[in-house]
Amino acid sequence: MNRRILTLMVALVPVVAFGVLLAAVTVPYVSMGPGPTYDTLGHYDGKQVVEIVGTETQSTTGHLNMTTVAQRDGLTLGQALALWFSGRQQLVPRDVVYPPGKTREEIDENNTADFKKSEDSAEFAALSYLKYPTAVTVAAVNDPGPAHGQLRADDAIDAVNGRMVASVEEFTAELRKTKPGQELVIDYRRKREPAGVARITLGDNPDRDYGFLGIAVFDAPWAPFTVDFHLANIGGPSAGLMFSLAVVDKLTDGRLAGPKFIAGTGTIDADGDVGPIGGITHKMTAASEAGADYFLVPVDNCYEARSETKGLTLIKIENLAQAVDALNTLRSGGEPPHC
């Protein structure tokens, strides 16, 4: 064999080997970068992102966009290097995103549960801000169970055996007076339906000596209409603030955003307090590229957000009431609190 050809073939061996490594070897990293952004005042897959049925709502203006972080797992060495060199992606150790000891399915289930909880908290925070009164609210009904088929999740319980109950504590006190086999009379309100009366024969439970109703209840602001969020699970609770603002906007004058393009992020609890999130700069990149001019930033994320503003005006947010005030100030030409 020609010595020159042999030398060339020998020289190509490490190049080919490196190419195989780039294409076939996976690395223990996950990429994080700008993800999709959705207008909570708009539509997704043919439905309103935030749909309120059973009461009058207002036509809205402007944008209130929630933002996300895109993740890619199972990266090859070549993909990881390409993403890193792009400057748009961050590589983080896989264990940070997917903790050892948990399967991918378990983590996805946790993210779905967190997202559902964020929807509930967003609704409760908005209703509380709008001064809807608190009621003893059914969270779940056991199936099978004594109350199955008579009470439903989201029913508001007003009275037990003729006694008004205004809190879970008062409801539980009345239930403790009962015995298994006794009939319990419950006055309830149901969303988008007339109020009703349920007559339920109590069961027994080895953990208690009083009657078993088979429901879980909690104290929550209650309204006679339904609020639904039509977005697939986007992973985690960081859409809470923007969901709440959309509910408030649709139930007030519809002009919270004015003509402006506003985006943001932040968890929210039922009391309306806004919490920090991860990936703030990636979300800001997504917002800027979508056309946003203003970005709502949880106060605990302000330091990181200021490091790379992406051309956005950063508005500092601590709770839902302050977020509404900030947007009203912005719409009227004033200066909201900045990061």
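Visitor: Is the crossing in which α6 passes α9 left-handed or right-handed?
Guide: The model is a predicted one, in which local features need pLDDT of at least 70 and side-chain atom pairs count only at pLDDT 80 or more, while totals for chains, interfaces and linings use all residues. Helices (H or I, at least four residues) and strands (E, at least two) are DSSP runs numbered from the N terminus. A crossing is left-handed if the near helix is turned anticlockwise from the far one by less than a right angle, and right-handed if clockwise. The crossing of α6 past α9 is right-handed.

Visitor: At what angle do α6 and α9 pack?
Guide: Axes are lines fitted to C-alpha atoms, for helices over the stretch in contact, and angles run from 0 to 180 degrees between N-to-C directions. For α6 (residues 240–251) and α9 (residues 320–331) the axes are 11 Å apart. The angle at which these two helices pack is about 60°.

Visitor: Which residues of α9 make the contact with α6?
Guide: Contact means heavy atoms within 4.5 Å. From α6 come Leu-241, Ser-244, Leu-245 and Val-248. The residues that α9 brings to the contact are Leu-320, Ala-323, Val-324 and Leu-327.

Visitor: How many residues of the contact of α6 with α9 are nonpolar?
Guide: Ala, Val, Leu, Ile, Met, Phe, Trp, Tyr, Cys and Pro count as nonpolar, Asp, Glu, Lys and Arg as charged, and the others, Gly among them, as polar. One residue of this contact is polar and none is charged. The number of nonpolar residues is seven.

Visitor: Over which residues does pLDDT stay under 50?
Guide: pLDDT is the predictor's confidence in each residue, from 0 to 100. Its mean over the protein is 86, and 82% of the residues reach 70 or more. Where pLDDT is low, the predicted coordinates should not be read in detail. With eight contacts beyond four places in sequence, the stretch under 50 is residues 8–23.

Visitor: Why do the buried residues of α5 line one face of the helix?
Guide: Buried means under 20% relative accessible area, exposed over 50%, and partly exposed in between (1.4 Å probe, protein chains only). In α5 (residues 168–175) the buried residues are Phe-171, Glu-174 and Leu-175. The arc is that of the directions from the helix axis to the C-beta atoms. The buried residues line one face because, seen down the axis of α5, they fall within an arc of 100°.

Visitor: Which residues does Thr-226 touch, not counting residues up to four places away in sequence?
Guide: Thr-226 lies in strand β13 (residues 226–229). Its relative accessibility is 17%, so Thr-226 counts as buried. The residues that Thr-226 touches are Glu-51, Ile-52, Val-53, Lys-191 and Arg-192.

Visitor: How many residues of α7 are buried?
Guide: Helix α7 spans residues 280–290 and is mostly covered. Among its buried residues are Ile-280, His-282 and Met-284. Of the 11 residues of α7, the number buried is eight.

Visitor: What distance separates the C-alpha atoms of Gly-311 and Tyr-294?
Guide: Gly-311 lies in the loop between α8 (302–306) and β18 (313–317). With a relative accessible area of 69%, Gly-311 is exposed. Gly-311 and Tyr-294 are 17 residues apart along the chain, and their C-alpha atoms are separated by 8.9 Å.

Terms used: Residues numbered from 1 in each chain as written. Heavy atoms only, no water.
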